[in-house]
Amino acid sequence: MIAALLLLLQTAAAPALAPAAPATPMAGTMPPQDWSTLPILRIRGQSTTLANSSAYVHGEVVAGRCTHVVRTAQGWALTVDLAVLITPDGRVRRVTPRAIDCPTVEQYAAGVILGARDSIDVVDANTDTWYRTSMTFAWGA
């Protein structure tokens with residue numbers, strides 16, 4: 001019985017699937033190469049948000065998943081640069097972290113930006129606009 005079922009499965013032709021079209025980003029959804037020309041993203045209450053999130057980043061560094069940490073007079077710090085696409089009504093449309101060879105912290109920083117979306121101040125714009133910001137996670141020695 002099992003042999004007959006296997007034979008039936010082998011002879012049944014699988015439906016032909018059309019190859020998937022390559023994914024292409026929508027125009028304007030990728031930040032420019034030179035982030036220095038982007039306006040600075042202003043976030044109200046940023047220090048409180050970052051103070052609560054440094055423990056996670058510290059854990060990633062201790063676990064050996066992040067190596068771009070720097071020694072400071074107060075302890076240690078890790079900075080992540082981000083480009084943020086904001087709609088004219090102030091909604092976060094996309095967050096692109098600059099690669100620092102630590103994907104968990106890069107994505108974590110993007111999530112912090114999304115969580116702070118109600119604290120973001122934007123300049124009046126008629127179209128979606130890219131902004132830049134940096135997040136520095138710091139902890140004692």
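Leu 85 is buried, at 1% relative accessibility (buried is under 20% relative accessible area, exposed over 50%, partly exposed in between; 1.4 Å probe, protein chains only). This is a predicted model: local features need pLDDT of at least 70, side-chain atom pairs count only at pLDDT 80 or more, and totals for chains, interfaces and linings use all residues. Residues are numbered from 1 along each chain as its sequence is written, and side-chain values use heavy atoms, with hydrogens and water left out.

- Leu 85 belongs to strand E3, residues 75–86 (helices, H or I, have at least four residues and strands, E, at least two; both are DSSP runs numbered from the N terminus).
- E3 and E4 run antiparallel and are joined by 5 bridges (two strands pair if DSSP finds at least two bridges between them).
- Across the pairing, Leu 85 faces Arg 94 in E4.
- Leu 41 is 44 residues from Leu 85 along the chain, and their C-alpha atoms are separated by 9.8 Å.

**The disulfide**

- The structure has 1 disulfide (a pair of cysteine sulfur atoms within 2.5 Å).
- Cys 66 and Cys 102 form this link, with an S to S distance of 1.6 Å.
- Cys 66 sits in the loop between helix H2 (46–62) and strand E2 (70–71), and Cys 102 in the loop between strand E4 (92–97) and helix H3 (103–115), so the pair ties together parts 36 residues apart in sequence.
- Cys 66 and Cys 102 are both buried.

**Asp 101**

- Asp 101 lies in the loop between E4 and H3.
- Asp 101 is exposed, with a relative accessible area of 57%.
- Asp 101 has a positive phi of about 65° although it is not a glycine.
- Most residues other than glycine have a negative phi.

**Aromatic contacts**

- The whole structure holds 2 aromatic pairs (rings of Phe, Tyr and Trp, its six-membered ring, with centres within 6.5 Å; planes under 30 degrees apart count as stacked, over 60 as edge-to-face, the rest as tilted).
- Tyr 108 and Phe 137 have ring centres 6.2 Å apart and planes at 50°, so this pair is tilted.
- The pair links helix H3, which holds Tyr 108, to strand E6 (residues 129–140), which holds Phe 137; the two residues are 29 residues apart.
- Tyr 108 is partly exposed at 27% relative accessibility, whereas Phe 137 is buried at 0%.
- Ring pairs join Tyr 56, Tyr 108 and Phe 137 into a cluster.
- Arg 98 lies over the face of Trp 35, 3.9 Å from the ring centre (NZ of Lys or CZ of Arg within 6 Å of the ring centre and within 35 degrees of the ring normal).
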